[in-house]
Structures are given as C-alpha cells and as structure tokens.
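This report describes a single protein model from its overall form to selected residues. The sequence and structure are shown first.

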Amino acid sequence: MDDVELAVRPGERRALIGPNGAGKTTLFNLVAGALPVTAGRIELFGRDVTRMPSHRRAALGLTRTFQISNLFASLSVLDNCRLAVQALTAAKFAMHRPLARDAVLRARAEETLAAVGLADRAAATVRNLSHGEQRQLEIGLALAGRPRLLLLDEPTAGLSPAESAAMARLLGRLDPAITVLIIEHDMDIALEVARHVTVLHYGRVIADGTRDAVRADPTVREIYLGA
Ligand SMILES: Nc1ncnc2c1ncn2[C@@H]1O[C@H](COP(=O)(O)OP(=O)(O)OP(=O)(O)O)[C@@H](O)[C@H]1O
Ligand SMILES: [Mg+2]
C-alpha cells in the first residue's frame, strides 16, 4: 500500500477495483488486522484500531469473506451456518441453557439461510452445492454474526454470468445498515452493487468517485478497461 486514503461512511456500498496484484486483498488484510501496518492509521466506527488484533476488530462488527472458499465441505448447509452463528456470537449465547441455545442457534441459522436464498438447501451437504450456491452460503456465514462492516473479496470469482447476476441481486438486497466494501473484478457487477468506486493500481488509489466519474476516467479506462 502506498499512501492510501480511504473513508467509507456507515451504510455505504463501496467497490474496490483494480488489476491483479493492485493490492486490493492486501488492503482488506490491513483493515481486518491480518497484516500489521508499517505506517498510517486505521479507524473503525470512529475508533483507532491500528494496533488492535483481528479478533477484536471482528468483535466490533467487522466481518470478511475470502477470495478462496473456506466452507466445511462435508457438513450440511444448516450446520455450516449454525457453526458460524455460534462462533460469531458465542458470548451472547453463553447465558442460555443448552436446549434453548440450540433452538435459538437453529432459528438464527435458518433466518440467515433465507436471507441468502438457501432456505430450501438447508439439508444439503456443502460439497453437493453448485459453486454459486457455495458462494451464497459464504455470504450467509458472514451475515450470521450480524456485521456492521462487511468486506467481500471477489464474491463472484469463478461464477458463471448467471450466477454472478444472482449474486449481485443478493448483495443488492443486504440490510442497508451494513456497510459493504466489495472487491470485484467484473466492473459491471461492481457498478451494480456500489455507487461509489475506488480504483487501486500498484498499491495506490488512482481514481475515486461515482461510478460514472470512474467509468469516464481516462487513466482507469487505459489501465483497467484496456481502452
Ligand atoms: N506481505 C506482503 N509483502 C510483500 N508483498 C506482498 C505481500 N502481500 C502481497 N504482496 C504483493 O502485493 C501485491 C498485491 O497483492 P494483492 O493480493 O493484495 O493483490 P489483489 O489486488 O488482491 O490482486 P488479485 O486481483 O489478483 O486478487 C502482489 O504483487 C503481491 O504479491
Ligand atoms: Mg485479491
């Protein structure tokens, strides 16, 4: 990262685009706390978190999905979701008795699956899902902890055009209170989900603005669209 300045407002949908190796995932790693910063400052919800470990940033409401899938392939869709609900909200459930806790977990997991269009796939084993359904489930797992800030690293990677369109619709239906920062290679998907776009190139922000401004930017057209 080279002198990157990025401010995202609560509830904003921001797309982060740029060529391979531009530093998009690295930026997520810095924001989430997976990599230490060598210079500069990171604030989350008005708090300085520059030196805060990643699990504490997660507890503040930051959740991310990864460029490479990390589901439990041999478990059911519902069990994957229940584990995520349980892991992400452990403290809140500690006060419940085991049976009541199970019912609450199950209800929350089912509600989360419905939110990502997988209610009718709850009993399926993850490895039997289509690639598109697996990526939907990843969004579900991220939502299970009721995040305030969601970092999505290429949620349409490897999807067919139809699956990508379905993902874009799903992302468009997310709770507007959730702030979303999305890395997306497909400019059309990025621009469908976010009105505001930041373009990275060689670790620097080379353009930042509304989708129309970014689309029209000559540097972006040259390096990103190859125009
Ligand atoms: N810890 C590190 N130290 C040095 N260089 C790194 C480190 N992590 C990543 N890089 C390099 O920085 C560049 C940016 O990588 P990054 O994965 O952030 O790019 P990206 O924009 O997410 O690309 P892609 O679109 O391919 O996912 C790459 O050249 C990568 O090899
Ligand atoms: Mg990346």
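## Model and conventions

This is a predicted model, in which local features need pLDDT of at least 70 and side-chain atom pairs count only at pLDDT 80 or more, while totals for chains, interfaces and linings use all residues. Residues are numbered from 1 along each chain as its sequence is written, and chains are lettered from A and ligands numbered from 1 in the order in which they are written.

## Overall form

The protein contains 10 helices and 8 strands; these are DSSP runs numbered from the N terminus, with helices being H or I of at least four residues and strands being E of at least two. The radius of gyration is 18 Å, close to the 17 Å that the globule rule gives for 227 residues, so the protein is as compact as a globular protein of that length. This radius is taken over C-alpha atoms, and the rule is 2.2 Å times the number of residues to the power 0.38. Along its principal axes the C-alpha trace spans about 60 × 40 × 30 Å.

Of the 227 residues, 34% count as buried (20 or more other C-beta atoms within 10 Å of the residue's own; exposed means 12 or fewer and partly exposed lies in between, with C-beta atoms placed from the backbone). Among contacts with a separation of 6 or more, 66% join residues 24 or more positions apart; a contact requires C-beta atoms, placed from the backbone, within 7 Å.

## Domains

The domain assignment gives domain 1 (1-61 + 147-227) and domain 2 (71-129 + 139-144), with bounds that come from an automatic or database assignment. The C-alpha centres of domain 1 and domain 2 lie 26 Å apart. Their contact takes 4 residues from domain 1 and 5 residues from domain 2. On the side of domain 1 that touches domain 2 there are 4 nonpolar, no polar and no charged residues (nonpolar: Ala, Val, Leu, Ile, Met, Phe, Trp, Tyr, Cys and Pro; charged: Asp, Glu, Lys and Arg; polar: the others, Gly among them).

Helix α6 (residues 131-143) has 13 residues and reaches 19 Å from its first C-alpha to its last, close to the expected 18 Å; the expected span is 1.5 Å times one less than the number of residues. Because 10 of its 13 residues are buried, α6 is largely enclosed by the rest of the structure. Its buried residues include Arg135, Glu138 and Leu141, and they pack against β4 (62-65), α3 (77-88), α5 (98-115), β5 (149-153) and α7 (161-172).

Helix α3 has 12 residues and reaches 17 Å, close to the 16 Å expected. Among its buried residues are Asn80, Arg82 and Val85, and their cover includes α5 and α6.

## Ligand surroundings

Ligand 1 is surrounded by 9 residues, the closest being Asn20, Gly21, Lys24, Thr25 and Thr26; a residue is near when its C-beta atom, placed from the backbone, lies within 6 Å. This shell divides into 1 nonpolar, 7 polar and 1 charged.

## Backbone exceptions

Most residues other than glycine have a negative phi. Asp3, in the segment before β1 (13-17), has phi near 60° and counts as exposed, with 9 C-beta neighbours inside 10 Å. Glu154 has a positive phi of about 50° and is buried, with 20 other C-beta atoms within 10 Å.

Technical notes. Contact = placed C-beta atoms within 7 Å.
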